[in-house]
Amino acid sequence: MLLVREILGDRDEERFAGRMVEKLHVSSHDASKRRLRALTDGGTDVAVDLERGSYLRHGAVLADDGERIVVVERTPEETLIVRLSAGLERDELLAQAVRLGHAFGNQHVSLETVNGEIRIPITTSRDIAAATVRALGLEGAEIDFALVRLGLETPLAAPAHQH
């Protein structure tokens, strides 16, 4: 078993060039866990025990033995992608984004925004996620579904309310 207590760097750094790469597949949900146990694609048993607040970002190097590195690879996840209409007035665009965040926040679903897209992991079904968006009546909004690597650099925006 390989015990990881720190993130050594990023796979693109020159010091890791030429190394064989073993990928540790991590979902966006698991990336914020400070403790995790999983197998790499090469079969290495990895136990992660990081400091609080650590994040297993895509491309993070967890181990280096001089010949091979173990690298975090974000797992593609079923995702609802919402594109709000660029033709909307700024205030309406903001209002739609807030309604969307509120609707999914009430379901305790985290989301992220990338390049004008609002990306929401599917936690129920495509039909329920799409119905949630349609029920909001977001004028001009487009929805799509794709497999996406979420939370590449930072954790998804988590709902922050209490009941």
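Select arginine 119 and show what surrounds this residue. Leaving aside neighbours within four places in sequence, arginine 119 is in contact (heavy atoms within 4.5 Å) with Thr79, Leu80, Ile81, Leu111, Glu112, Val114, Val148 and Leu150. The model is predicted: local features need pLDDT of at least 70, side-chain atom pairs count only at pLDDT 80 or more, and totals for chains, interfaces and linings use all residues. Numbering runs from 1 along each chain as its sequence is written, and side-chain values use heavy atoms, with hydrogens and water left out.

Stay on arginine 119. Strand β10 (residues 117-121) holds this residue; strands are DSSP E runs of at least two residues, numbered from the N terminus. Arginine 119 is buried, with a relative accessible area of 16% (buried means under 20%, with a 1.4 Å probe and protein chains only).

Next, select residues 35-39 and 45-49. These are β4 and β5, antiparallel and joined by 5 bridges; strands pair if DSSP finds at least two bridges between them. Leucine 36 stands opposite valine 48 in β5. Between the strands of this hairpin lie 5 residues, and glycine 43 takes a positive phi near 90°.

Last stop: select Phe104, Gln107, Val109, Pro121, Ile122, Thr123, Thr124 and Ala129. They line the largest cavity (on a 1 Å grid over the protein atoms alone, points where a 1.4 Å probe fits but cannot get out; lining residues have an atom within 4 Å of a point).

Key. On a 1 Å grid over the protein atoms alone, a cavity is a set of points where a 1.4 Å probe fits but cannot get out, and a pocket is an open set with protein on both sides within 12 Å along at least five of seven lines; lining residues have an atom within 4 Å of a point. Helices (H or I, at least four residues) and strands (E, at least two) are DSSP runs, numbered from the N terminus. Buried means under 20% relative accessible area, exposed over 50%, partly exposed in between (1.4 Å probe, protein chains only).
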